[in-house]
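Hi,

Here is the structure I promised to pass on. Have a look at it first, and then read on for what turned up in it.

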Amino acid sequence: MLKYTVNRLLSTIPVMIIVSIIVFMIVHLTPGNPAYLILGEDSSEESIAQLEKQLGLDQPIVVQFFDWFKNVITGDLGQSIYSSEPVLQIILDRLGPTFSLMMLSMTLALAIAIPAAIFVVWKRNTIVDPLFIFTSLLGVSIPEFWFAMLLVLGVAVAIPIFPVAGYVPIVESVNLWFYHLILPAIVLATVEIGLIARMLRDSMLDNVHQDYTKTVRAQGIKESMILMKYVFANALIPTTTVVGTMVAGLLGGAVIVETMFTIPGIGQLLIDSIHRRDYPVIQGVVLIIAGIYVLINLLIDLLYTFLDPRIRYD
């Protein structure tokens, strides 16, 4: 296990290098001049050229990349072009709201999807099953930005139950933290509920008619106990994979949702940085997101060995 973990961690190095190259090239080839955006429309060409030299933007793109990558290896993501603050510190300050939103969304998704899937398998071959399939497909198909606007118009504007925007750290008030995050969390969780519930249902149905379940039924054990103790446990492997990919969906959805609900997370930071052409911040945010996704995949692979003792990594 230790050898496998070390090898997987080492394999992430070329992945992160490729990601950094792609991100750097896309960002720097995007039209727009950061120096022009900082100085404004009335700035002269001389002042723009002077600021470009100060920021190192006058260097060839290959030189800029190796200068940036050399610092990244040492843990220095550079400084923001817009605010001159360390990029790493800016990102760390924004991780709290994003992780809070992700954790609340995952909790909602799992709390709804798992019981729903178990209930549907229990009531299989009834009207419940096609209704579930329709509902799950509907949840997966709903665009997040459209659903967010509906919620805002419905329970934040027309009926002012929840706030339209803002964020309160959990250390200040748990109630206000939940109050401000519940709407965006519902938006992010809706798609994931459909995916997780559908995968868990399909996996459980594959195990319902296996020989071991027939043997257990022959012993007179109740169907509900069979589903919970045997079928559900054996269906966790593929479902866990979906939960792992759910992290990528939440990170991607956070970019849209945080912007719409004015949550000061890394999603809104990324959008603001793109508008400002703040190259170091954009590169740092994408690199951090890619690193989180790679580590989550590693944790999911390691979790397999606890869910199924038959799985062993050499």
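Before the helix pairs, one convention: a helix axis here is a line fitted to C-alpha atoms over the stretch in contact, and angles run from 0 to 180 degrees between N-to-C directions. Keep in mind, too, that this is a predicted model.

With that in hand, take H5 and helix H10 (residues 223–234): they pack at an angle of about 125°, and their axes are 11 Å apart. H5 and H10 are therefore oblique to each other, and the crossing is right-handed. On the H5 side the contact uses Ile114, Ile118, Val121 and Trp122, which meet Glu223, Leu227, Met228 and Phe232 of H10. By type, the residues of this contact are seven nonpolar, no polar and one charged. If you wonder about the spacing of such residues along a helix, an α-helix has 3.6 residues a turn, so residues three or four places apart point the same way.

H5 has another partner to look at. The axes of helix H5 (residues 87–122) and helix H11 (residues 236–260) come within 10 Å and cross at roughly 125°. That makes H5 oblique to H11, and this crossing is right-handed. H5 brings Thr98, Leu101, Met102, Ser105, Met106, Ala109 and Leu110 to the contact, while H11 brings Val243, Met246, Val247, Leu250, Leu251, Val257 and Glu258. Sorted by type, the residues of the contact between H5 and H11 come to 11 nonpolar, two polar and one charged.

Now for the chain as a whole. Of the 314 residues in the chain, 41% are buried. Looking at contacts between residues at least 6 apart in sequence, 72% join residues at least 24 apart.

What about the inside? The largest nonpolar core has 58 residues, and those with the most contacts inside it are Ile91 and Phe261. Elements giving two or more residues to this core include helix H1 (2–29), helix H4 (61–73), helix H7 (144–158), helix H8 (174–208) and helix H13 (279–307). H5, H11 and helix H12 (266–276) are also on that list. Which element gives the largest share of this core? H5 does, with 11 residues. Leaving aside residues up to four places away in sequence, Ile91 touches Leu77, Ile266, Leu269, Gly284, Val285 and Ile288. Apart from this core lies another, of 12 residues, among them Leu200, Val208, Ile226 and Val231.

One of the residues that Ile91 touches, Ile266, is worth a click. Ile266 lies in helix H12. Is Ile266 buried or exposed? At 3% relative accessibility, Ile266 counts as buried, the cut-off for buried being under 20%. Not counting residues up to four places away in sequence, Ile266 touches Ile91, Arg94, Leu95, Thr98, Leu251, Glu258, Val285 and Ile289. Ile266 and Ile289 are 23 residues apart in sequence, and their C-alpha atoms are 9.1 Å apart in space. The buried residues of H12 are Ile266, Gly267, Gln268, Leu269, Leu270 and Ser273.

At 32% relative accessibility, Ile17 counts as partly exposed. From Ile17 to Val27 it is 10 residues in sequence and 15 Å in space, C-alpha to C-alpha.

Last, a few backbone spots to look up. Ser84 has a positive phi of about 65° although it is not a glycine, and its place is in the loop between H4 and H5. Thr262, not a glycine either, has a positive phi of about 55°. Thr262 is in the loop between H11 and H12, and at 40% relative accessibility Thr262 counts as partly exposed. Arg277, which follows H12, also has a positive phi, near 55°.

Happy browsing!

Key: Residues are numbered from 1 along each chain as its sequence is written. This is a predicted model: local features need pLDDT of at least 70, side-chain atom pairs count only at pLDDT 80 or more; totals for chains, interfaces and linings use all residues. Side-chain values use heavy atoms; hydrogens and water are left out. Helices (H or I, at least four residues) and strands (E, at least two) are DSSP runs, numbered from the N terminus. Angles under 35 degrees count as roughly parallel, over 145 as roughly antiparallel, 65 to 115 as roughly perpendicular and the rest as oblique. A crossing is left-handed if the near helix is turned anticlockwise from the far one by less than a right angle, and right-handed if clockwise. Contact means heavy atoms within 4.5 Å. Ala, Val, Leu, Ile, Met, Phe, Trp, Tyr, Cys and Pro count as nonpolar, Asp, Glu, Lys and Arg as charged, and the others, Gly among them, as polar. A nonpolar core is a set of buried Ala, Val, Leu, Ile, Met, Phe, Trp, Tyr and Cys residues joined through side-chain atoms within 4.5 Å. Buried means under 20% relative accessible area, exposed over 50%, partly exposed in between (1.4 Å probe, protein chains only).
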